[in-house]
Amino acid sequence: MTASLEQRPILRVRDLRVEFTNRGGLFEKPSVLRAVDGVSFDLHRGETLGLVGESGCGKSTTARAILRLLRASSGSAEIDLGTATEKPRWNDILQADRGELRGLRQHIQLVFQDPYASLNPRMTVGDIIGEPMAVYRLHGSRAARRRRVQELMEEVGLDPTFIRRYPHEFSGGQRQRIGIARALALDPRVIICDEPVSALDVSIQSQVLNLLVDLQKRRELSFVFIAHDLSVVKRVSHRVAVMYLGKIVELAPYDEIYRNPLHPYTRALLSAVPIPDPQVEARRQRILLSGDMPSLTSAIQGCPFASRCPEVEERCRTIAPELGEVTPGQSVSCLLRQ
């Protein structure tokens, strides 16, 4: 992906925190699990921001909190509803009342991870894609919405004559295209893709990723692309944010992340990405992480990665690093790099 983008943010997230309370029981003390712990980032117009990390690091929870599908404990998630030529009009999704939230959700949509579970099996494809337009009363009559549904189907590579078919009549890749068409139905400014290709075959993954890139160019969309596979993120992202235990530990343009990763965790993730050249792959040394992850239900002293870091120093166990810019555009949360 090219990195030349307009630097005006369309979505800005600040100090987002999501906590889940366990009330405890007869033999268990009450505890608080910090699933997202102070996440901040900007998403620029026409940009794809890749959000990566291992399972359980808080990627999907971050996405659902931004959309108010989960209630955030604190922080803000603001979307700019102004045009590119006028003054920004920031609206905080997390503070919006019910009526305002309904309006804001028209501008930020979600593509779900599982194309088999995210589509109602009792609805036709036409009803699934057209439902958001019916809810928001767009495109007038039922016939006009039907024509718009067929246009969307064609745009995502589906045969518009299949409008009366049901989800079980489509393959996994086709179902994910239906989910993408549904997300496009309201002409959103931002789309959050929550691991949209992880349930698909590798050959189909490439087709869906190419579709997302083409849609972004045609519609000037902004994407938050969540994945655990760094090779997938490389295909679509302009910048990459690496998450670990609810925090962003590195944020940089994609080429910097792959050419010069600064955080030890990012280096470990990249060492697990296969290289198609067998000679290079044979010479490469895999970074294996040892140690145990700290519990999210207890206060973490020092760096959260210290218990697994191969470069750990004594100060890392007592001083908590902050995410800070170390080179232009590249920020890292590591005492050894700051």
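This is a predicted model: local features need pLDDT of at least 70, side-chain atom pairs count only at pLDDT 80 or more; totals for chains, interfaces and linings use all residues.

**Reading the model step by step**

Reply: A search of the whole structure finds three cavities of 30 Å³ or more. On a 1 Å grid over the protein atoms alone, a cavity is a set of points where a 1.4 Å probe fits but cannot get out, while a pocket is an open set with protein on both sides within 12 Å along at least five of seven lines; lining residues have an atom within 4 Å of a point. Grid points are joined across faces, edges and corners, and a volume is the space filled by probe spheres set on the points.

Me: What volume does the largest cavity have, and which residues line the largest cavity?

Reply: Rolling a probe the size of a water molecule over the atoms shows where empty space is left. Here the largest cavity has a volume of about 80 Å³. Its lining includes the cysteines Cys303, Cys309, Cys316 and Cys334, along with residues such as His263, Pro264 and Phe305.

Me: How many disulfides does the structure hold?

Reply: A disulfide is a covalent bond between the sulfur atoms of two cysteines. The criterion used is a pair of cysteine sulfur atoms within 2.5 Å. The structure holds zero disulfides. Cys309 is in no disulfide, and the nearest cysteine sulfur, that of Cys334, is 6.3 Å away. For Cys316, the closest cysteine sulfur is that of Cys303 at 6.2 Å, which is too far for a bond.

Me: Does one count Cys309 and Cys316 as buried or exposed?

Reply: Buried means under 20% relative accessible area, exposed over 50%, and partly exposed in between (1.4 Å probe, protein chains only). Cys309 counts as buried because its relative accessibility is 14%. Cys316 counts as buried because its relative accessibility is 7%.

Me: In what order do the strands of the eight-stranded sheet lie?

Reply: Helices (H or I, at least four residues) and strands (E, at least two) are DSSP runs, numbered from the N terminus. Two strands pair if DSSP finds at least two bridges between them. Eight strands form an open sheet in the order S6-S7-S8-S3-S9-S10-S12-S11, with mixed pairing. Strand S6 (108-111) and strand S11 (324-327) stand at the edges with a single partner strand each, so one side of each has no neighbour in the sheet. From one strand to the next, the twist averages 25 degrees. Axes are lines fitted to C-alpha atoms, for helices over the stretch in contact, and angles run from 0 to 180 degrees between N-to-C directions.

Me: Which way do the residues of S3 point?

Reply: In a regular strand the side chains alternate between the two faces of the sheet. In S3, Thr48, Gly50 and Val52 point one way and Leu49 and Leu51 the other way, and all are buried. S3 runs parallel to strand S8 (residues 222-227), joined by five bridges, and Gly50 stands opposite Phe225 in S8. S3 also pairs with S9 in the parallel sense, over four bridges, where Leu49 stands opposite Arg239.

Me: What covers the buried residues of H9?

Reply: Contact means heavy atoms within 4.5 Å. Helix H9 (residues 264-271) has seven of its eight residues buried. The cover includes helix H7 (230-236), strand S9 (239-244), strand S10 (247-253) and helix H8 (254-259).

Me: What is the order of the four-stranded sheet?

Reply: This open sheet has the order S2-S1-S4-S5, with antiparallel pairing. Eleven bridges join strand S1 (residues 9-22) to S2, and Val18 stands opposite Val36 in S2. Helix H1 (residues 59-66) packs on the sheet, touching S1, S2 and strand S4 (74-80), and its direction makes about 110 degrees with that of S1.

Me: Which strand gives the most to the lining of the largest pocket?

Reply: The largest pocket holds about 710 Å³ of space. Of the 34 residues that line the largest pocket, the closest to its centre are Gly38, Ile248, Glu322, Leu323 and Ser333. S2 gives the most to this lining, with six residues.

Definitions and conventions: Residues are numbered from 1 along each chain as its sequence is written. Side-chain values use heavy atoms; hydrogens and water are left out.
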